[in-house]
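Work through the exercises below with the model in view. Try each task before reading its solution.

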Amino acid sequence: MFRRTLLAAAGLSLAGLLAAMPAGAQTTEVGGVKYDNTVRVGGETLVLNGAGIRYKAVFKVYTAGLYLTQKAGTPEAAIATGGPKRIHVVMLRDIDANELGKLFTRGMQDNSPREEFAKSIPGTIRMGEIFAAKKKLNTGESFSVEFLPNAGTSVLVNGKVVGESIKEPEFFTGLLRIWLGSKPADTALKDLLLGHKPQPRVEN
């Protein structure tokens, strides 16, 4: 009898512990922003490869999370990974959306081979138009860029697709290089997106 009571108590204790586990166990929190550890894109499950904060000097600008079909620890592996991909950005401060679009274009140009960047120009123009129309991204607002093989790249603002998909595959590769290229937007963020501990941050 005593043994049954002890086991029952232990069972209740375990159940209580399981019930008390935070829902955030399925998410990763970065700068107060929660990123799901897995998401569904194009009918496939993607895993959060890494996430971190983009700094400008000492100021937090946004968080970014990279989703792939499987973990990748190098820029080359991340770019070569097959299937859908997603980069998700959440603003940590208000920013001029048009200016952000220009910075992204410059980042793509700085990190892509000339011929590849030339092929992605139609996509960069379209992305620039999307940000110009938005005018301003406020704290807490988000945008995602999703790549689907054979379908192209879609831009989502606050969860809603904006405009038509960008067909050139070079566009999404060039976009990833903003964060993963040889001249990344933020060196520490690059390491975090690749699932590494960040090296000392280089201010940009």
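Buried means under 20% relative accessible area, exposed over 50%, and partly exposed in between (1.4 Å probe, protein chains only). Helices (H or I, at least four residues) and strands (E, at least two) are DSSP runs, numbered from the N terminus. This is a predicted model: local features need pLDDT of at least 70, side-chain atom pairs count only at pLDDT 80 or more, and totals for chains, interfaces and linings use all residues. Residues are numbered from 1 along each chain as its sequence is written, and side-chain values use heavy atoms, with hydrogens and water left out.

**Exercise 1. Find which residues of helix 3 are buried, and where they lie around the axis.**

Step 1. List them: Ala97, Leu100, Gly101, Phe104, Gly107, Met108 and Asn111 are buried in helix 3.
Step 2. The arc is that of the directions from the helix axis to the C-beta atoms.
Step 3. Name the partners. Contact means heavy atoms within 4.5 Å. The buried residues of helix 3 pack against several elements, among them strand 5 (59-68), helix 4 (114-134) and helix 5 (169-180).

**Exercise 2. Check the length of helix 3.**

Step 1. The expected span is 1.5 Å times one less than the number of residues.
Step 2. Helix 3 (residues 97-111) has 15 residues, so it should span 21 Å.
Step 3. Its end C-alpha atoms are 21 Å apart, which agrees.

**Exercise 3. Describe strand 3 and its pairing with strand 4.**

Step 1. Sort the faces. In a regular strand the side chains alternate between the two faces of the sheet. Strand 3 (residues 38-41) has Val39 and Val41 on its covered face, and Thr38 and Arg40 on the uncovered one.
Step 2. Count bridges. Two strands pair if DSSP finds at least two bridges between them. Strand 3 and strand 4 (residues 44-56) have four, in the antiparallel sense. Threonine 38 stands opposite valine 47.
Step 3. Look at the turn. Two residues separate the strands of this hairpin, and glycine 42 in the turn has a positive phi of about 60°.

**Exercise 4. Which order do the strands of the open sheet take?**

Step 1. Seven strands run in the order 3-4-5-6-9-10-11, with antiparallel pairing.
Step 2. Strand 3 and strand 11 (160-166) are the edges; each pairs on one side only.
Step 3. Strand 4 and strand 5 pair over nine bridges. Valine 47 stands opposite leucine 68 in strand 5.
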